[in-house]
Amino acid sequence: MVERILLPVGGPNRKCLDFACGTGRIANIAAPFFGEVVGVDISQSMLASARVPKNVKLVRADLTFSPLAERFDVVTAFRFFLNAEDELRKDALSAISAHLNEGGLLISNIHMNATSPIGLVCRILNRYAGGTVRHTLSIKGYEQTLIANGFIVERIVGYGFLPRPGKLLPRLCEILIVPFERICASAGIPAGLAQNFLVVARKR
């Protein structure tokens, strides 16, 4: 799915920044679609574990304090914003915007949608536990955050319609996930019911 999003926005003369890249999973996915990919993370141990192709450069940095001296056409940020505190989200979006060319794209995801069935269960657990068992964030909430920080939301894609019950029935889930996703997409099931969602937003 990420490949389908990146294909039309890539090109040999275009550059991508993978924000909070970790071990480089998304940087590796982005590499075939861009002439240059820069993966940035604050964790040296994560970067040391990354194995990336030649057109991917890994940099240890906190872009909210130490910006790079270059700009990008696309920024990816996966599995970051859900668990970040509000102030960190704001600082990160400001840093990302500063590293984007005019009209550049931010492609990011939220991996626990508050309005999905599993997200609802997490919210109930949080309420009765008196604290955060697991963070959740709704499409509307994340969209409002992006708009407030200088982005225009262009596309929202829900995925993960099949609930994943942890270690229960892993083989069955593996078999069913692809056909189940296709059926949900064909049936027009709202993204709000998906456990995860991906957002394409343009710098204003």
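Ground rules first. The model is predicted, so local features need pLDDT of at least 70 and side-chain atom pairs count only at pLDDT 80 or more, while totals for chains, interfaces and linings use all residues. Residues are numbered from 1 along each chain as its sequence is written, and side-chain values use heavy atoms, with hydrogens and water left out.

Let's start with the cores. A nonpolar core here is a set of buried Ala, Val, Leu, Ile, Met, Phe, Trp, Tyr and Cys residues joined through side-chain atoms within 4.5 Å. Buried means under 20% relative accessible area, exposed means over 50%, and partly exposed is in between, using a 1.4 Å probe and protein chains only. The largest core has 34 residues. Phe 81, Ile 96 and Leu 146 have the most contacts inside it. Which elements supply at least two residues each? They are β1, β2 (34-41), β4, α4, β5, α6 (139-148), β6 (151-159) and β7 (196-203). Helices (H or I, at least four residues) and strands (E, at least two) are DSSP runs, numbered from the N terminus. Helix α4 gives the most to this core, with 4 residues.

Take Ile 96. Leaving out residues up to four places away in sequence, Ile 96 touches Phe 19, Val 75, Ala 77, Phe 81, Leu 106 and Phe 151. Contact means heavy atoms within 4.5 Å. There is also a second, separate core, with 22 residues. Val 2, Ala 27, Phe 34 and Ile 107 are among them.

Next, the rings. Rings of Phe, Tyr and Trp (its six-membered ring) pair if their centres lie within 6.5 Å; planes under 30 degrees apart are stacked, over 60 edge-to-face, and the rest tilted. The whole structure has 4 aromatic pairs. One of them joins Phe 19 and Phe 80, edge-to-face, at 5.1 Å centre to centre and 90 degrees between the planes. This pair links distant parts of the chain. Phe 19 is in strand β1 (residues 11-19), Phe 80 is in the loop between β4 (72-77) and α4 (86-99), and they are 61 residues apart. Phe 80 also pairs with Phe 81, again edge-to-face, at 5.1 Å and 85 degrees. Phe 80 is buried at 17%. Phe 81 is buried at 0%. Ring pairs link Phe 19, Phe 80, Phe 81, Tyr 142 and Phe 197 into a cluster.

Now the charges. A salt bridge is a side-chain nitrogen of Lys or Arg within 4 Å of a carboxyl oxygen of Asp or Glu. The structure holds 6 of them. Lys 15 meets Glu 70 at 2.9 Å, N to O. Lys 15 lies in strand β1 and Glu 70 in the loop between β3 (56-60) and β4, so this bridge ties together parts 55 residues apart in sequence. Glu 70 counts as buried, at 17% relative accessibility. Lys 15, Lys 57 and Glu 70 are linked in a salt-bridge network.

Lys 203 and Glu 102 meet at 3.7 Å, N to O. Lys 203 is in strand β7 and Glu 102 in strand β5, 101 residues apart. Arg 202 bridges to Glu 154, with the closest N and O atoms 2.6 Å apart. Arg 202 lies in β7 and Glu 154 in β6, so the pair ties together parts 48 residues apart in sequence. Both are partly exposed: Arg 202 at 31%, Glu 154 at 45%.

Last stop, Asn 113. Where does Asn 113 lie? In the loop between β5 (100-110) and α5 (117-129). Asn 113 is buried because its relative accessibility is 0%. A polar atom of its side chain lies 3.4 Å from the backbone oxygen of Ala 191. Beyond neighbours within four places in sequence, the contacts of Asn 113 include Gly 119, Leu 137, Ser 138, Ala 191 and Phe 197.

Key: A polar contact is a pair of N or O atoms within 3.5 Å; within protein, one must be able to donate a hydrogen and the other to accept it, and residues adjacent in sequence count only if both atoms are side-chain atoms.
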